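Trainee: Could you help me learn to read the sheets and the ligand site in a model like this one?

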Amino acid sequence: MLQVKNMDLFIGQQHILHDVNLTIESSGELIGIMGPNGAGKSSLIKSILGEFNATGEAFWNGKPLKQQLTQLTYIPQRNQLDLDFPITVKDSLITGYYQTSGWFRPIKKEAYIKRDRLLADLQLTDLKDKTLNQLSGGQLQRVLLAKALMKDGDLLCLDEPFVGIDFRSEEIMIQILRQLKSEGKLILIVHHDIHKAKAYFDRILLLNRSIKFFGSASEALSDENIKEVFLKEGVTL
Ligand SMILES: Nc1ncnc2c1ncn2[C@@H]1O[C@H](COP(=O)(O)OP(=O)(O)OP(=O)(O)O)[C@@H](O)[C@H]1O
């Protein structure tokens with residue numbers, strides 16, 4: 001169970017998050033976090049995982065999340081990553097393993113087995129010797145997911161994973177995410193494409209600095225909510 005209690009975030013003079021309170025009881029769910037540009041979607045994720053210094057607190061199964069970050073797998077937006085470092089796809093996944101086991105520990109045989117399975121699941125085996133800067137946007141996003149899944153967290157947070165990627169990569173990724181959901185993982189995805197959202201998510205959180213709605217995907221994306229949250233004057237989709 002994920003609980004966010006009384007979360008407020010200021011960056012400088014800007015009040016980015018207003019008293020966010022949220023309880024997601026179930027595991028095994030795909031949740032979309034949606035709202036207009038600048039709504040605070042990425043900031044909410046970063047506040048939940050403790051990267052931003054928000055007031056209030058996030059709890060995972062009743063205990064502060066920041067005391068159990070091994071449970072959390074986070075994939076930031078691609079444009080926040082430094083891709084100039086010349087690392088191959090297969091080695092990049094091993095760095096994902098180190099994030100769980102700790103640096104300088106010997107790599108266990110299981111890690112290589114897991115890496116090869118993830119490369120296969122995300123259809124990356126043929127690309128394993130390429131460096132990250134040689135990949136297309138969709139291939140890179142699949143690598144980021146595979147790398148993140150080297151860690152066995154029960155809570156996954158992905159920030160705009162489907163932006164600017166090809167249809168095939170999106171299909172491969174959504175299949176994997178559905179599989180993870182069926183294994184009981186709670187998956188939060190910051191997302192902006194209204195058209196696919198109903199097909200992807202069980203529930204949707206509409207955010208615009210504060211929570212505007214949290215419920216089933218079809219209710220969340222009612223004409224009234226779209227008008228209220230996305231189409232107000234001064235806000236662009
Ligand atoms: N590191 C930062 N420093 C200063 N301001 C920031 C920082 N991160 C976010 N903000 C500000 O917080 C507000 C919300 O940004 P955030 O990226 O969380 O919104 P978002 O809903 O994810 O937007 P988008 O859909 O455009 O990615 C914006 O006004 C942004 O300028």
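Mentor: Happy to; we will go through the sheets and then the ligand. Keep in mind that this is a predicted model.

Trainee: How do strands of a sheet pair?

Mentor: In general, strands pair through backbone hydrogen bonds, in a parallel or an antiparallel way.

Trainee: In which sense do E9 and E10 pair?

Mentor: Strand E9 (residues 203-208) pairs with E10 in the antiparallel sense, over six bridges. Look for Leu205, which stands opposite Phe214 in E10.

Trainee: What is the order of the open sheet of four strands?

Mentor: That order is E2-E1-E4-E5, with antiparallel pairing. E2 and strand E5 (63-64) stand at its edges, each with a single partner strand, so one side of each lacks a neighbour in the sheet. Strand E4 (residues 55-60) is joined to E5 by two bridges, and Phe59 has Pro64 in E5 as its bridge partner. Helix H1 packs on this sheet, touching strand E1 (2-11), E2 and E4, and its direction makes about 65° with that of E2.

Trainee: Which element supplies the largest share of the shell around the ligand?

Mentor: H1 does, with three residues. Strand E2 (14-24) and helix H1 (41-48) each supply at least two. The residues surrounding the ligand include Gln14, Ile16, Lys41, Ser42 and His192. By class, the shell has eight polar, three nonpolar and one charged residues.

How values were computed
Residues are numbered from 1 along each chain as its sequence is written. This is a predicted model: local features need pLDDT of at least 70, side-chain atom pairs count only at pLDDT 80 or more; totals for chains, interfaces and linings use all residues. A residue is near a molecule or strand if its C-beta atom, placed from the backbone, lies within 6 Å of it. Ala, Val, Leu, Ile, Met, Phe, Trp, Tyr, Cys and Pro count as nonpolar, Asp, Glu, Lys and Arg as charged, and the others, Gly among them, as polar. Two strands pair if DSSP finds at least two bridges between them. Two residues are in contact if their C-beta atoms, placed from the backbone, lie within 7 Å. Axes are lines fitted to C-alpha atoms, for helices over the stretch in contact, and angles run from 0 to 180 degrees between N-to-C directions.
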